[in-house]
Amino acid sequence: MLQIKNLHASVEDKEILKGINLEVKAGEVHAIMGPNGAGKSTLSSIIAGNENYNVTAGEILLEGENISELAPEERAHKGVFLSFQYPVEIPGVSVTNFMKTAINESRKARGQEDMPANEMLKLIREKSELLEIDRKFLSRSLNEGFSGGEKKRNEIFQMAMLEPKLAILDEADSGLDIDALRIVANGVNKLKNKNNAVLVITHYQRLLDYIIPDFVHVLMDGKIVKSGDASLALELEEKGYDWIKNEGK
Amino acid sequence: MELKEKILASFMAFEDKIVDVNNELHDIRTSAIKNFEDKGFPSKKEEAWKYTSLNAILKNDFSVFAKNDNTVEFADVKKYFLNEVDTYKVVFIDGKFSSYLSSTTHDGLDVCLMSSALTKPKYKMYIDQYFNKIANLEDSLTSLNTAFSQEGAYVNIPKSKVVDKPIEILYFSTGSEAALMTQPRNLIIVGENAHVQIVERHQSLNSNPVLTNSVTEIFAQKHAIVDYYKVQNDIQTANLIDNSYIAQKQDSHVSVHTFSFGGNITRNNLNFYHQGEHIDSTLKGITIIGDKQHVDHSTLVQHATPNCESHQNYKTILDGNATGVFNGKIFVEKEAQKTNAFQQNNNILLSDKATINAKPQLEIFADDVKCSHGCTIGQLDESAMFYLQQRGIGKKEAKALLMYAFTSEVTNSVKIPELRNKIARIIADKLGVNMGFDL
């Protein structure tokens with residue numbers, strides 16, 4: 001599904017990613033953990049195509065195709081979804097209208113007709129139930145005045161609507177209470193199947209109790225310094241990140 | 001002959017022809033033309049006109065009156081009206097009343113013509129009491145209009161009348177003259193506890209240059225509610241100087257929304273005067289222009305009485321070589337304690353060559369007031385662009401969506417749904433996108 005080969009990236013001449021190698025196969029859940037400032041959010045932004053970062057070396061392949069040069073919307077059309085740590089507020093545009101635009105833009109890019117209105121409504125109903133979202137919520141302006149938890153739940157709702165091949169969840173659990181966390185995790189788990197993949201970016205292990213990863217990678221100072229299975233996350237939770245830093249010495 | 005001389009020469013002939021309802025009007029006109037003669041057209045040397053120059057447009061050889069009575073077909077101008085709602089209509093073509101396109105009334109309220117009000121005895125009482133009573137007598141362009149004031153809309157809403165449908169005031173220019181200057185004059189009197197919605201629009205139908213120097217006086221009595229909308233989406237050769245004066249009595253609420261999407265030079269002088277307590281004034285505007293278009297919003301809110309509020313919110317998007325001006329003046333007199341005055345002016349520049357001159361001016365003489373002003377100038381938020389693109393929305397559409405969002409605080413407060421949709425469609429059209437839903 002996703003292959004990252006020797007990825008180097010910088011912002012304003014400061015190198016943030018220093019040679020990342022990662023392979024995520026369809027049907028897998030990978031977690032990337034690491035201390036603050038390790039480059040976790042940078043990595044997710046770069047996979048999604050944020051043009052504020054310069055990719056100085058390496059490549060990103062989605063289903064074998066190099067997407068490194070594509071615009072963010074083109075990557076989205078190919079099935080990349082990023083759940084933002086800080087979703088942007090768009091006043092005056094309702095969640096429903098925003099989703100209609102997003103879905104139909106993707107369909108247009110794939111040469112499909114606009115989704116018929118009744119189908120759209122059905123999809124919205126189904127997915128909002130999955131995320132336990134009140135229908136009234138959908139007519140509110142996107143993210144405007146939403147609580148932290150509502151924003152995160154709304155991100156996963158959008159993911160459910162767009163059905164991406166590769167979903168990257170950037171700190172999807174920050175600001176969530178335990179009930180909201182369960183709803184978000186449950187949503188992700190229900191959407192997961194053998195044809196898609198999930199990349200969970202998180203500082204804390206908590207979310208991984210609910211979304212069980214197949215692989216856990218530790219990102220420190222722009223490099224993946226250790227990889228393992230779900231037990232690695234627990235070990236990190238217990239011992240902190242310094243342990244790995246010291247282990248490397 | 002220069003335009004000023006031409007105007008002065010025309011005045012005598014003009015006055016000879018009209019029969020005013022009283023001699024006082026003659027005196028008003030005479031002192032007005034005198035003031036215009038003394039001051040002439042404003043120049044950039046004046047502080048209030050520092051960023052807006054009329055020099056280039058004044059070189060046109062404007063006719064002071066249209067020679068012929070012109071007509072237009074409804075089908076050709078239908079799109080400028082609100083069509084899904086029934087409205088009262090006062091329509092003018094080249095400065096003259098078009099009864100064919102209008103729908104006036106005297107049934108329980110007056111929606112009719114200034115020319116009637118100025119000449120018929122039954123209106124004398126109102127003309128004596130209101131005409132030229134809040135307009136700035138020192139302002140040369142207002143004086144020019146007053147001197148030639150003859151036609152426009154006259155609206156008089158009696159006490160406790162809630163007007164059943166919006167009133168549209170439309171001025172069309174046909175281009176029958178090589179260049180035409182008009183002096184529309186509107187008088188709006190809204191009685192105690194009455195409520196009215198008014199939409200005003202000036203539209204050229206042909207590319208011959210037009211200079212419209214409009215004056216509107218609005219009087220809101222106690223507890224009156226007035227929602228006034230100005231739609232400015234004129235063609236590239238049309239120029240508009242809009243001088244609006246609003247006098248508010250106790251507990252009245254008046255809002256003026258100004259949508260500036262077109263024209264060559266547009267200058268909006270919007271002045272609010274408070275004459276009682278617990279008054280609420282709202283001044284909002286959206287400006288979206290490009291090319292070499294120029295829009296100037298010069299606002300004044302004169303807080304003269306205690307416990308009143310004013311809310312200003314102006315959003316501007318400039319592209320190409322467009323220039324914008326926001327000159328917002330809030331004056332809080334010593335007596336105006338407990339004033340709440342807010343002013344917000346946000347500007348987005350889409351091109352390196354676009355310019356905005358923003359100048360908030362707060363003069364506060366009372367010591368127990370809340371006044372705030374915020375002014376921002378910037379480009380579109382990159383992180384928001386990335387967010388929208390990440391959801392599959394192309395760059396152009398994402399830009400448009402963000403600009404729409406930027407203006408939504410103002411569009412959302414339009415109380416006539418059809419007008420709100422119309423504004424949204426004009427915005428989408430300006431931004432060159434079809435969002436796939438009604439914005």
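**Figure 1. Overall build of chain A.** Of the contacts in chain A between residues at least 6 apart in sequence, 71% join residues at least 24 apart. The model shown in this and the following views is predicted. Chain A contains 8 helices and 12 strands. Its radius of gyration is 18 Å, close to the 18 Å given by the globule rule for 249 residues, so chain A is as compact as a globular protein of that length. Along the principal axes, the C-alpha atoms of chain A fill a box of roughly 60 × 40 × 35 Å. Buried residues account for 43% of the 249 residues of chain A.

Figure 2. In chain A, 4 strands form an open sheet in the order 2-1-4-5, with antiparallel pairing. Strand 2 (14-24) and strand 5 (65-66) of chain A are the edge strands, each pairing on one side only. Strand 5 of chain A is joined to strand 4 (residues 54-62) of chain A by 2 bridges in the antiparallel sense; here Leu61(A) stands opposite Asn66(A) of strand 5. Helix 1 (residues 40-48) of chain A lies across strand 1 (2-11), strand 2 and strand 4 of chain A, and runs at about 70° to strand 2 of chain A.

**Figure 3. The contact between chain A and chain B.** Chain A gives 25 residues to this contact and chain B gives 21 residues. On the side of chain A that touches chain B, the elements giving two or more residues are helix 2 (72-77), strand 7 (90-94) and helix 3 (95-109) of chain A. Helix 3 of chain A provides the largest share of that side, 7 residues. By class, the side of chain A that touches chain B comprises 12 nonpolar, 9 polar and 4 charged residues.

**Figure 4. The ten-stranded sheet of chain B.** An open sheet of 10 strands in chain B has the order 2-1-5-8-10-12-14-16-18-20, and its pairing is mixed. Its edge strands, strand 2 (96-97) and strand 20 of chain B, each pair on one side only. Strand 12 of chain B pairs with strand 14 (residues 280-289) of chain B in the parallel sense over 8 bridges; Val254(B) has Ser281(B) of strand 14 as its bridge partner. Helix 9 (residues 395-411) of chain B packs on the sheet and touches strand 12, strand 14, strand 16 and strand 18 of chain B, its direction making about 155° with that of strand 16 of chain B.

**Figure 5. Parallel pairing of strands 16, 18 and 20 of chain B.** Strand 16 (residues 309-318) and strand 18 (residues 340-349) of chain B run parallel and are joined by 10 bridges. Within this pair, Gln312(B) stands opposite Gln343(B) of strand 18. Strand 18 of chain B is also joined to strand 20 (residues 370-378) of chain B, by 9 bridges and again in parallel. The bridge partner of Asn346(B) in strand 20 of chain B is Thr376(B).

**Figure 6. The two domains of chain B and their contact.** Chain B is divided into domain 1 (3-275) and domain 2 (390-439), and the centres of these domains, taken over C-alpha atoms, are separated by 30 Å. Domain 1 of chain B gives 12 residues to the contact and domain 2 of chain B gives 9 residues. Strand 8 (195-204), strand 10 (225-232) and strand 12 (253-260) of chain B are the elements that give two or more residues to the side of domain 1 that touches domain 2. The residues of that side of domain 1 of chain B divide into 7 nonpolar, 3 polar and 2 charged.

Technical notes:
Residues are numbered from 1 along each chain as its sequence is written. Chains are lettered from A and ligands numbered from 1 in the order in which they are written. This is a predicted model: local features need pLDDT of at least 70, side-chain atom pairs count only at pLDDT 80 or more; totals for chains, interfaces and linings use all residues. Domain bounds come from an automatic or database domain assignment. Two residues are in contact if their C-beta atoms, placed from the backbone, lie within 7 Å. Ala, Val, Leu, Ile, Met, Phe, Trp, Tyr, Cys and Pro count as nonpolar, Asp, Glu, Lys and Arg as charged, and the others, Gly among them, as polar. Two strands pair if DSSP finds at least two bridges between them. The radius of gyration is taken over C-alpha atoms; the globule rule is 2.2 Å times the number of residues to the power 0.38. A residue is buried if 20 or more other C-beta atoms lie within 10 Å of its own, exposed if 12 or fewer, and partly exposed in between; C-beta atoms are placed from the backbone. Axes are lines fitted to C-alpha atoms, for helices over the stretch in contact, and angles run from 0 to 180 degrees between N-to-C directions.
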